[in-house]
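I am opening these notes to keep a record of what I looked up in this structure, starting with the overall fold and ending with one local detail.

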Amino acid sequence: MKRLRLLAAGILAATLLLTSCAGLPTSGPVSVGRGMGDEPSDPDFTQIAASPEKGASPAQIVQGFLDAAITPTDNWEIARKYLTEKAAQTWRPLAGVTIDSSAGSRQITPGHDVDDKSKNVDVDVQLDQVANVDDQGVYTPLRGPSPTTFEVIRDQNGEWRISQAPDGIVLDEALFPQVFDSYALQFFDRSWTHLVPDVRWFPRRLKSIATTVAGKVIGGKPAAWLAPGVRSAFSDDVTLASSTVTVTAEAVAKVDLTPAVLSQDSATLARMRTQLEASLAPLGVGEVQLTVDGQPLDAGKASVDTQSPDSGMLVLTKSGFGTPVGDEISAVGDVTAQIGKILDPLASVDVAVNDSRAAVQLRDGRVYLVHDGDTTELDTRKSLIAPSLDIYGYTWTVPRDDPHAVKVTGADAAPADVENAWRDASAISQLRVSADGARVAAVVTVGGQRRAVVAAVVRDDKGIPVQLGTMETVARLSGPAQGLAWVGGDAIAVLVSAESPQVIIQTIGGPGESSSAPTGSMAIAGAQTSSGVRILGSNGVVYARRGSIWQATGVEAELLGTRAGQ
């Protein structure tokens, strides 16, 4: 059976594109997909699944049904052709997505032999699952076999059709991003001062995606792992009053809400509008207008702190610590002068966004805070990993062999324990707090397996981190991690040191991508986009990502510094 056929227009466009090229490269560096923060690119053509063929066997019908998930047009109309009339009416494709490694890995077998007298048969399907997306669009890595069974019967025309199918669809990991796209819902941190992205995956439905995103912000909840560290401006009694969010030609999204919103104060209304505008902005929405029964509400805008723009790399050279500008090193506030007084070799330097302080680790493992012309020792425990500063001025430290013993220390050098830190982990090698202060990423070992994980940060009313939420695995690593960094607000970069060093750009709540890193890579620094990420090689050369390859920047350094939140 022909699995897919392409739209004629798509084939013609692709053919013209190929014939217009002088040649296609057959060698060179490995290419990677779009980076975090880059503009998304929609497919040039739509792939259309084949309808059921006459005389198809039960196994072929099930195979065709699974393949038809590639075409979401008209609520998966083609997929429904493989179902009985009754099943087609009750099947819910948006109940979730099972993502498997490849269509070729699927094992499809009837439960018993089928002949001309057979009326029904169970068809067993074994999938090599790598992830799933639930009905709220939350992506979760889930590796392992996934068995399911379809009931197939003969219809009145003697053709096999599926009478019972599990809700949801199946897509392999290569086709998944062609059918679904990521959308970052925005929630507030607990202090109402920062917006925190919560990545979701929805079908590429241009006419209704604004309604889908707005509905999930207004009536939905943050992902379970993120919930302890964030909040929404929308209470449970405020919901969408209309089934459609209208976006005008002037890029104004009109969001009609139920009358319960009328009891909200001005600060809450402003937060509602701000939360929606930030969530809808990637869709081209420039303004949100809240209404009740079509009448506009007087909703202002809430003041939120935004991530500072990339201010250049930080390095330690023979000329000192700072930002390279030509052949010179530009000082970083008072931090540069104070670091210059430290005679011991440095292992890491994490600088605050406002350049007011830096968390410094010496090669002997000791951790200090550099601020206000002083150098204060923060943590004397042995085997500490590189410290991480957060936006509230707290330095996070933890011993490599005791991941539960996370401490945070403020400028007053009064340490506090962070409860519920990295349960089930036996070791930790990297830790970085996000720019919003509501999340923390780490590389830990669980059951002998290295994992990149995240957790929500729970703070008290003074902003002191007091505990972590549930640990969420976002990637399994093939080797030890040499570095960890945040890339924008919704991804991390992990430098994995193996026989062939790799950089993994991992979406928090989505799939990741990996590319080869320069030989001898030993440190990494984050940025707002993947193109701003820097790597330090063992030869002292600093590399930057240019498209799909890493190129030398011309800067040589003894140490690659980092920025808090990156």
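**Overall fold**

I began with the secondary structure of the protein chain, which in this predicted model comes to 8 helices and 40 strands. I then looked up the radius of gyration, which is 26 Å and close to the 24 Å that the globule rule gives for 566 residues, so the protein chain is as compact as a globular protein of that length. For the extents, I noted that the C-alpha trace spans about 85 × 60 × 50 Å along its principal axes.

**Burial, contacts and surface**

Next I checked burial, and I find that buried residues make up 51% of the 566 residues in the protein chain. Among contacts with a separation of 6 or more, I noted that 54% come from residues 24 or more positions apart. The accessible surface comes to about 26,000 Å², and I recorded that 48% of it belongs to carbon and sulfur atoms.

**Charges**

I looked up the charged side chains and found 48 positive and 65 negative ones in the protein chain, with the centres of the two sets lying 3 Å apart.

**One hairpin**

Finally I turned to strand S29 (residues 449–459) and strand S30 (residues 465–468), which run antiparallel and are joined by 3 bridges. Within this pairing I noted that Val458 has Gln467 in S30 as its bridge partner. S29 and S30 form a hairpin with 5 residues between them, and in the turn I marked Gly463, whose phi is positive at about 90°.

Methods
Residues are numbered from 1 along each chain as its sequence is written. This is a predicted model: local features need pLDDT of at least 70, side-chain atom pairs count only at pLDDT 80 or more; totals for chains, interfaces and linings use all residues. Side-chain values use heavy atoms; hydrogens and water are left out. Helices (H or I, at least four residues) and strands (E, at least two) are DSSP runs, numbered from the N terminus. The radius of gyration is taken over C-alpha atoms; the globule rule is 2.2 Å times the number of residues to the power 0.38. Buried means under 20% relative accessible area, exposed over 50%, partly exposed in between (1.4 Å probe, protein chains only). Contact means heavy atoms within 4.5 Å. Accessible areas come from the Shrake-Rupley method with a 1.4 Å probe; for residues, only the protein chains shown count as cover. Lys and Arg count as positive and Asp and Glu as negative; His and the chain ends are not counted. The place of a charge is taken as NZ of Lys, CZ of Arg, CG of Asp or CD of Glu. Two strands pair if DSSP finds at least two bridges between them.
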